[in-house]
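Subject: Structure handover

Hello,

Please find the structure below, followed by notes on what was found in it.

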Amino acid sequence: MLANKRILLIIGGGIAAFKSLDLIRRLRDQGASVTPVLTKAAEEFVTPLSASALAAQKVYRDLFDLTDEAEMGHIELSRAADLVVVAPATADLMAKMANGHANDLASTLLMATDKRVLIAPAMNVRMWQHPAMQRNLATLQGDGVLVVGPDEGAMACGEFGPGRMAEVPEIIAAIGAALAEGPLKGKHVLVTSGPTHEPIDPVRYIANRSSGAQGTALAAALRDLGARVTFVTGPATVPPPGGVDVVRVETAQEMAGAVKSALPADVAVFAAAVADWHVANAAEQKMKKDSSGGFPALDFVENPDILAGVAQMGEGRPRLVVGFAAETESVEAHAIAKRARKGCDWIVANDVSPATGIMGGTENAVTLITEGGAEAWPRLPKPEVARRLAARIAAALG
Ligand code: C5P
């Protein structure tokens, strides 16, 4: 199942490191090659000699080992693999990963790699449940890091609970899944997300309440199905996902330009809440209060409709163009009309009335409008809506 796959296995310093030796054997049984990297702490638990004997390969240990740099630099080492696996992933190693540290070989490889990373956490139950750990875990998942385990059970420290490293067969299954080619492999997907900011003067702007959460989750879900994702985002409150090409913009006009530059794409999804207008007479200098009590007059000009432009572009049009419709009343009827007016294939409609808590919230209740009609989906966490939508997109291209 793993024939000719190259695994870079980073072994962290925890008691579960002994299982990683067995992991090396089992991976090789399946036809994979394993290049082990040991952290300093790992060497307290397993010896470099055992790891290299089982892998039948050189073990890498030190960032400043000049012989290694002459043979294979750390950047090359981080990219020569098909997948990077961290087992056991200790609390310390995960904290380093989540915060971008690069002060030893393992953390530097993890920063430099362009490959997917799968971690098998292993630590004491209290450490696993610590808010700092859970924050780091959420950050890593947001960056596209895959996670297997931990399992629940008796631990070497005598306590009981989640924190045991996943068993070797479970890790091997996760490695197989991570290496499987996703249905969107080879496809380029463009996603717009977040609000736009339209300046009034150098310090003031017109904005909306979009957090960018749904667009971000969607970009991550499409990436997880193997797509190359270009993510054009306005000033969102949630950070962009890892493993996608991020293009940051501020205004609708900048977004239109970035979308144009990102084409061609197989699929384009317009999740951004684009301002409909910008201020034509935005002031060059900060506007001053008028001592006579008058209000400034703002002249509004319509922004380019980015979605409609791409949906109606003729030659070079993405095969599937998906728009969003944020409505506060008659959601389905407005969305059906919008699909026809914009010329897109699908509309993902949602009710953003303040009472729903959807805009800026963690859940979404959408109605998918396609050529075939309207489908109301149940209220779900935004990442789950994203996964379902990504799966539908993959099926439509299939
Ligand atoms: O017209 P309305 O703003 O309701 O349409 C929403 C859909 O159109 C969203 O998919 C949004 O990203 C897109 N849109 C756009 N450019 C605009 C306005 C909206 O791409 N100027």
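Just after α1, Gly 31 has a positive phi of about 95°. Helices here are DSSP runs of H or I with at least four residues, strands are runs of E with at least two, and both are numbered from the N terminus.

On provenance: this is a predicted model, in which local features need pLDDT of at least 70 and side-chain atom pairs count only at pLDDT 80 or more, while totals for chains, interfaces and linings use all residues. Residues are numbered from 1 along each chain as its sequence is written, and side-chain values use heavy atoms, with hydrogens and water left out.

Helix α1 itself covers residues 17-29. Its 13 residues reach 19 Å from first to last C-alpha, close to the expected 18 Å; the expected span is 1.5 Å times one less than the number of residues. Buried in α1 are Ala 17, Lys 19, Ser 20, Leu 21, Leu 23, Ile 24 and Leu 27, where buried means under 20% relative accessible area, exposed over 50%, and partly exposed in between (1.4 Å probe, protein chains only). These buried residues pack against β1 (6-11), β2 (33-38), α2 (48-55), β3 (83-89), β7 and α9 (168-179), contact meaning heavy atoms within 4.5 Å.

Strand β7 (residues 160-164) contains Gly 161. Gly 161 counts as buried because its relative accessible area is 5%. Leaving out residues up to four places away in sequence, Gly 161 touches Val 125, Asp 151, Glu 152, Gly 153 and Met 155. Gly 161 and Ala 252 are 91 residues apart in sequence and 50 Å apart in space, C-alpha to C-alpha.

The ligand site comes next. The residues around the ligand are Phe 270, Ala 272, Val 274, Asp 276, Pro 304, Asp 305, Ile 306, Leu 307, Gly 323, Phe 324, Lys 338 and Lys 342, each with a heavy atom within 4 Å of the ligand. By class, this shell has 7 nonpolar, 1 polar and 4 charged residues; Ala, Val, Leu, Ile, Met, Phe, Trp, Tyr, Cys and Pro count as nonpolar, Asp, Glu, Lys and Arg as charged, and the others, Gly among them, as polar. At least two shell residues come from each of α12 (306-311), β16 (320-327) and α13 (331-342).

Polar contacts (pairs of N or O atoms within 3.5 Å; within protein, one must be able to donate a hydrogen and the other to accept it, and residues adjacent in sequence count only if both atoms are side-chain atoms) are as follows:

- Ala 272: a polar backbone atom lies 2.7 Å from a ligand oxygen.
- Leu 307: a polar backbone atom lies 2.8 Å from a ligand oxygen.
- Lys 342: a polar side-chain atom lies 2.8 Å from a ligand oxygen.

Taken alone, the ligand exposes 440 Å², and the protein buries 87% of that; areas come from the Shrake-Rupley method with a 1.4 Å probe, and for residues only the protein chains shown count as cover.

Elsewhere, Arg 223 sits in helix α10 (residues 213-224). Arg 223 counts as buried because its relative accessibility is 11%.

For the chain as a whole, there are 14 helices and 21 strands. Buried residues make up 49% of its 398 residues. The C-alpha trace spans about 80 × 55 × 45 Å along its principal axes. The chain exposes about 18900 Å², with 53% supplied by carbon and sulfur atoms.

Regards
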